[in-house]
Amino acid sequence: MIPVDKQVPSPHFTKGRKSFKPEAIVVHIMEGTLVGTDAWFRDPISKVSAHFGIGKNGELHQYVDLANSAWHAGRVNKPTWVGMKAAGNGTFYNPNYYTIGIEHEGFGQTPWSDRMYHKSAELIAHLCVDFHIPLDRAHVVGHHEIYSLKSCPGQHVNFNILLDLARQHRTALVDGTAPPTPAPVSGIPALQEEKKSGSVRVLKNLNIRRKAPTTSAGIVSTAPAGSTLAFEGWVTNGQPIQGNRKWYFNQDGDYFWSGATGEVV
Ligand SMILES: [Zn+2]
């Protein structure tokens with residue numbers, strides 16, 4: 001398990017996990033500070049908790065043992081998460097029993113710091129290895145995907161980036177190699193995605209960018225002019241190039257700028 005900077009035990013948990021085990025990770029935003037959350041999770045009035053909290057500076061606090069069910073995602077409203085466990089009659093088993101909750105310092109409207117992104121990714125990687133949880137969007141979910149009345153964790157966490165970083169950490173963990181060096185990621189906002197597959201013609205040699213719609217992302221490959229590229233959808237708020245922010249993404253989650261493409265003829 002990853003080293004925790006500070007144990008801040010919260011009395012708000014259910015002992016054990018009934019007949020369940022951790023199968024997914026729920027990402028939360030504190031709507032406040034790490035210090036404030038430490039106090040709130042210990043306050044008898046709050047009746048809430050999470051397993052972990054991460055500060056903007058990357059500090060990691062633990063509130064509830066992973067063997068127990070923290071009280072972080074017990075309410076269910078119009079869930080969109082595919083991992084919800086139906087209990088019959090339109091009801092669901094309490095997601096607290098089969099999830100791990102991670103809180104993040106700040107507010108839904110404020111950008112994540114690079115250090116918070118990296119610590120969160122590192123923690124998620126450790127948890128996924130320890131509990132054999134797949135590292136994908138079906139198993140790393142936003143709180144609002146369980147409880148639609150909240151927007152938690154807000155618009156500023158980019159799950160593509162978080163998952164990609166976590167996969168890099170997992171690879172390092174499994175191979176016993178050095179973890180990825182922290183690189184700036186927080187300037188990239190949550191992506192506005194449209195999912196609709198198709199293909200386009202490449203008008204001039206076009207770089208396919210690794211996991212992010214920006215020329216600062218690594219180049220996966222270069223598609224030659226005249227070739228055809230398949231896409232799974234596009235984002236409308238990628239890096240603007242000549243004023244055009246539309247970038248397509250392919251089935252690997254890599255991106256290419258729409259401005260260098262045209263219709264297939
Ligand atoms: Zn939440």
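I began at the start of helix 1, where a side-chain oxygen of T33 comes to within 2.9 Å of the backbone nitrogen of G36. I count a polar contact as N or O atoms within 3.5 Å, which within protein need one atom able to donate a hydrogen and one able to accept it; for residues adjacent in sequence, both must be side-chain atoms. Helices (H or I, at least four residues) and strands (E, at least two) are DSSP runs numbered from the N terminus.

I note that the model is predicted: local features need pLDDT of at least 70 and side-chain atom pairs pLDDT 80 or more, while totals for chains, interfaces and linings use all residues. Residues are numbered from 1 along each chain as its sequence is written, and side-chain values use heavy atoms, with hydrogens and water left out.

**Helix 1**

I looked up which residues of helix 1 (residues 34–42) are buried, and found L34, T37, D38 and F41. They lie on the same side of helix 1, because their arc around the axis is only 105°, taken from the directions from the helix axis to the C-beta atoms. Buried here means under 20% relative accessible area, exposed over 50% and partly exposed in between (1.4 Å probe, protein chains only). I then traced the packing partners of these buried residues: strand 1 (6–7), strand 4 (52–54), strand 5 (60–62) and strand 9 (99–104).

I recorded an open sheet of 6 strands in the order 1-5-4-9-3-10, with mixed pairing. Strand 1 and strand 10 (140–142) are at its edges with a single partner strand each, so one side of each has no neighbour in the sheet. Two strands pair if DSSP finds at least two bridges between them. Strand 1 and strand 5 run parallel and are joined by 2 bridges. Within this region I located Q7 opposite Q62 of strand 5.

**Zinc site**

I listed the protein donors of the zinc ion as H28 (ND1), H143 (ND1) and C152 (SG), at 2.1 to 2.3 Å from the ion. Donors are N, O and S atoms within 2.8 Å of the metal (3.2 Å for Na, K and Ca), and sites may look incomplete without water. The sequence spacing of these donor residues is H-x114-H-x8-C. Both H143 and C152 are buried.

**Single residues**

I placed S69 in strand 6 (residues 69–70) and found it buried, at 1% relative accessibility. The side chain of S69 reaches the backbone oxygen of G16 at 2.7 Å. Beyond four places in sequence, S69 touches F13, T14, G16, R17, H51, N96 and Y97, contact being heavy atoms within 4.5 Å.

I found K56 in the loop between strand 4 and strand 5; K56 is partly exposed, with 35% relative accessible area. Apart from neighbours within four places in sequence, K56 has contacts that include E105, T110 and R115.

I traced V185 to the loop between helix 3 (159–175) and strand 11 (193–202), and noted V185 as buried, at 11% relative accessible area. V185 and I161 are 24 residues apart along the chain, with 7.5 Å between their C-alpha atoms. I161 is among the contacts of V185, as are D114, Y117, H118 and L165, with neighbours within four places left aside.

**Domains**

Lastly, I noted domain 1 (6–175) and domain 2 (193–263), with bounds from an automatic or database domain assignment. Over C-alpha atoms, the centres of domain 1 and domain 2 are 32 Å apart.
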